[in-house]
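Here is a short briefing for a first look at this model.

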Amino acid sequence: MNAFKPHSSHWGAFSGRYEGGKLEILPHPGDPDPSPLLGNLPAVADSPARVRQPAVRRGWLEGKPGNADMRGMDEYVEIGWPQALDLVAKELGRVYGEYGAKAVFGGSYGWSSAGRFHHAQSQIHRFLNVLGGYVRSVNTYSSGAASVIIPHVLGPYDTFDRKSVTWDAIERSTGLVMAFGGMAIKNADVHGGGISKHVVRQKLSGAAARGARFISVSPLKDDFPHGLEVEWLPMTPGTDVALMLGLAHVLVTEGLHDRGFLDRYTVGYDHFENYLLGRSDGQPKDAEWAAKICSIEAGTIREIARAMARSRTLITVSHSLQRADYGEQPVWMGIVLASMLGQMGLDGGGYSYSLGALGNIGKSQLAAPLPTLSQFRNAVADFIPVARIADMLLNPGAGFHYNGQLLHYPDIRLVYWVGGNPFHHHQDLNRLRTAFRRPETIIVHETAWTSTARHADIVLPATTTLERDDIGAADRDDLMIAMKKLIEPVGEARDDYDIFSEIARRLGQFESFTENRTSREWLSYLFETTRAALDAGGYDAPDFEAFWQRGELRLPLKPDEGGPARAFRDDPSASPLPTPSGRIEIFSKTIDDFGYDDCAGHPRWYPARIEANHVYPLHLVCNQPHQRLHSQLDYGAFSRSTKISGREPVRINPADAQARGIADGDIVRLFNERGSCLAAAVLSADVRQGVMQLATGAWFEPHEASAENAMCIHGNPNILTRDIGTSKLAQGCTGQITTVEAERYAGELPPVRILDRMTFAQ
Ligand SMILES: Nc1nc2c(c(=O)[nH]1)N[C@H]1C(S)=C(S)[C@@H](COP(=O)(O)OP(=O)(O)OC[C@H]3O[C@@H](n4cnc5c(=O)[nH]c(N)nc54)[C@H](O)[C@@H]3O)O[C@H]1N2
Ligand SMILES: Nc1nc2c(c(=O)[nH]1)N[C@H]1C(S)=C(S)[C@@H](COP(=O)(O)OP(=O)(O)OC[C@H]3O[C@@H](n4cnc5c(=O)[nH]c(N)nc54)[C@H](O)[C@@H]3O)O[C@H]1N2
Ligand SMILES: [Mo]
């Protein structure tokens with residue numbers, strides 16, 4: 001009998017055993033609320049979706065003129081490793097030689113897998129930097145708008161906004177949680193790098209037992225942990241800023257705002273108040289005005305504003321709100337609203353950005369650094385905001401605005417993607433398909449035949465974490481895990497590190513890339529950073545071999561002292577914020593000076609560029625899936641168990657379904673001016689009328705790959721979303737919401753094959 005060995009994933013620590021051709025998974029015994037996503041893992045060992053051998057797209061291999069137009073339609077030829085590595089090395093040599101590093105896009109966005117050394121993004125960035133650099137991407141699909149606006153108004157992203165309020169403080173002190181975008185427990189299942197304890201449900205229950213009140217502002221009722229008493233405000237998607245302004249207006253007109261706090265800790269409030277009260281534009285943003293926009297009654301808005309002023313109130317703003325038109329505004333306006341309440345820095349009060357979106361936010365900080373692989377320096381200065389990938393490929397040389405700068409898109413000849421799935425994460429997939437025909441070469445390392453792999457020229461089979469040893473550790477998680485190899489590599493899969501090492505060897509860079517260390521030597525070398533810090537702090541500090549034997553190591557935590565918000569509150573001159581004024585910027589002169597028409601000097605209401613209309617009357621919420629992490633392991637048992645007739649479920653309000661003759665379980669076609677997809681209807685009153693909800697992550701499978709406007713037969717919402725930046729300030733992704741029409745699909749049902757089959761040219 002094999003023993004169970006420790007391992008870890010973005011959705012939880014666990015142990016695994018491979019026995020009799022089957023992989024068994026047990027959640028970590030210390031996890032009070034393990035994630036059902038663990039159920040997707042066993043399929044990794046034998047799924048037909050795995051990439052088993054290097055493969056090359058036929059048109060590219062044969063160098064046919066115009067072959068790039070065949071991406072996504074062409075056949076693949078399986079080849080051996082030596083030939084594959086030679087091809088990649090030769091092509092990299094050619095492109096770096098002919099065009100230079102500025103022609104290589106290595107942004108390679110994606111979550112890849114847990115594990116500090118084999119982390120795919122670290123590996124590819126290090127590798128490309130050894131070769132001379134690459135065009136990178138900045139920011140994330142998660143928080144494109146927030147990560148640009150927050151530094152202007154509060155200081156570094158992920159500091160004041162996410163490191164001040166803990167779950168312990170909420171359990172202890174919060175009276176009212178006002179959650180814009182809810183706090184969907186499904187999202188707290190995961191945290192990048194790992195999560196050994198899922199605590200959100202438990203902590204919120206603790207606060208509830210003390211009498212805390214929860215209000216969830218969302219088009220979906222179940223955007224809050226099930227079983228807790230929560231008031232649901234089913235608002236029109238995209239209108240949170242109007243609601244926040246309505247609340248702010250009540251505070252001011254009823255004298256409930258904290259003038260003392262505003263004077264001492266913020267700048268520019270008066271400027272904002274002129275707008276709020278309509279002195280500057282003739283339109284007071286009162287509760288009646290807000291009610292018309294967000295469809296929450298004015299009386300409710302007034303009652304909530306008063307309760308906010310009365311209670312120890314925590315305002316949370318989810319990521320989803322800013323993954324939309326003018327996404328900077330709700331993040332900023334949430335900060336202004338919390339400032340008006342004057343509770344920033346009080347225990348369990350104030351503001352927390354995206355609390356609950358990832359399971360470790362709201363936990364205490366680690367008191368020791370984590371092992372980190374050096375990526376070296378990138379010699380190329382050019383970058384794109386991450387969601388501008390299609391714009392870049394389609395418009396080389398064109399100018400674009402970003403955070404006060406006018407930049408230009410580089411001319412990309414080669415795209416190298418490792419650990420991400422743009423055909424999952426990007427919007428308007430028909431446009432992305434066109435953009436992916438532009439480069440001369442696309443190279444991908446993948447564990448599975450995702451749609452991105454099926455649009456590449458060279459596909460190299462990568463191992464999953466289950467096939468290699470690594471160190472599992474994550475921000476704000478106090479357990480470091482010896483992730484031990486559980487199964488042999490599937491097919492001919494190799495570790496990304498080994499693949500890059502062999503290509504580097506062919507380009508004369510083996511030593512620079514590997515520093516002559518084996519993977520195992522790297523693990524013990526990287527572990528040393530943490531060990532030395534633990535030792536210096538007087539903590540338990542085993543050497544690497546002892547850690548590996550034990551299987552896990554408890555890391556020390558810093559005491560919960562209220563974080564940067566408390567320090568600022570206690571003494572704003574000794575602990576000023578790293579903003580131009582040293583205070584919370586309700587008005588930002590910097591942003592005002594940019595002169596943008598889509599992001600002014602203070603937060604304001606902009607009607608969404610996309611509104612439901614008579615042609616596409618339904619809002620489609622394209623949120624994170626509860627049954628997987630993004631597109632990962634869509635072939636796994638848990639993800640599949642939620643499909644209906646092999647399609648992704650789309651939820652629709654019964655009234656909207658009835659008006660269209662749609663019954664529960666029917667296959668429907670969703671469509672708009674950009675594209676269409678099939679999905680399986682689930683009638684649910686948890687979805688506000690006028691709204692449908694289709695999670696991301698079903699692997700894109702076109703009905704006819706050669707069609708100009710392909711229909712996805714599996715249910716990927718990104719065939720419908722818009723590829724438009726949030727604003728000139730941040731250029732973030734706006735994929736959360738789009739508008740569609742839906743109809744019963746009466747045509748013959750094409751079988752979904754992408755999770756089960758990949759055929760090769762003989
Ligand atoms: N419409 C819409 N679109 C969205 C969103 C939305 O809300 N709405 N959300 C956005 C957000 S927040 C995000 S973060 C993105 C997520 O987008 P991604 O991070 O790109 O999605 P993943 O499915 O996690 O892709 C990771 C890929 O890496 C592969 N992989 C895993 N481990 C390894 C490894 O060790 N080596 C290699 N070579 N490959 C590996 C997996 O097989 C998988 O294909 O999606 C964005 N897209
Ligand atoms: N299980 C699971 N968990 C995940 C992920 C996953 O793929 N699977 N992905 C992780 C990642 S990378 C990220 S970035 C986070 C994302 O965290 P979020 O972006 O917060 O997550 P979403 O589920 O996309 O959106 C949360 C909810 O916001 C609501 N919403 C949408 N539009 C609006 C609106 O205009 N106003 C209001 N008030 N509400 C709105 C939707 O009903 C939606 O369910 O989740 C993380 N957690
Ligand atoms: Mo994300």
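Ala, Val, Leu, Ile, Met, Phe, Trp, Tyr, Cys and Pro count as nonpolar, Asp, Glu, Lys and Arg as charged, and the others, Gly among them, as polar. By that sorting, the shell around ligand 2 holds 14 nonpolar, twelve polar and five charged residues. The shell around ligand 1 holds six nonpolar, 23 polar and four charged residues. This is a predicted model.

**Ligand 2**

- Ligand 2 is surrounded by 31 residues. The closest are K186, D223, G238, D240 and R323.
- Helix α12, residues 319–322, gives the most to this shell, with three residues.
- Domain 2 (146–365 + 571–594) and domain 3 (618–744) each provide at least three residues of the shell around ligand 2.
- V217 uses a polar backbone atom, 2.8 Å from a nitrogen atom of ligand 2.
- Q624 also has a polar backbone atom at hand, 3.2 Å from an oxygen atom of ligand 2.
- Q736 brings a polar side-chain atom to 3.1 Å from an oxygen atom of ligand 2.
- On its own, ligand 2 has 910 Å² of accessible area, and the protein covers 98% of it.

**Ligand 1**

- Ligand 1 has 33 residues around it. S113, H425, E446, S631 and N718 are the closest.
- Helix α15 (422–425) and strand β18 (441–446) each supply at least two residues of this shell.
- At least three residues of the shell around ligand 1 come from each of domain 1 (55–141 + 369–554) and domain 3 (618–744).
- In S113, a polar side-chain atom lies 2.6 Å from a nitrogen atom of ligand 1.
- In N421, a backbone N or O atom lies 2.9 Å from an oxygen atom of ligand 1.
- In E446, an N or O atom of the side chain is 2.4 Å from an oxygen atom of ligand 1.
- Ligand 1 exposes 910 Å² when taken alone, and the protein buries 98% of that.

**Helix α17**

- Which residues of helix α17 (residues 496–506) are buried? They are D496, Y497, I499, F500, S501, I503 and A504.
- An α-helix has 3.6 residues a turn, so residues three or four places apart point the same way.
- G508 follows α17 and has a positive phi, near 75°.

Methods. Residues numbered from 1 in each chain as written. Chains lettered and ligands numbered in written order. Predicted model: local features only at pLDDT ≥ 70, side-chain atom pairs only at ≥ 80, totals over all residues. Heavy atoms only, no water. Buried < 20%, exposed > 50% of the residue type's maximum accessible area, 1.4 Å probe, protein only. Helix = DSSP H or I, 4+ residues; strand = E, 2+ residues; numbered from the N terminus. Near = heavy atom within 4 Å. Polar contact = N/O pair within 3.5 Å; in protein donor to acceptor, adjacent residues only side chain to side chain. Areas by Shrake-Rupley, 256 points an atom, 1.4 Å probe, with all protein chains shown as cover. Domains from an automatic or database assignment.
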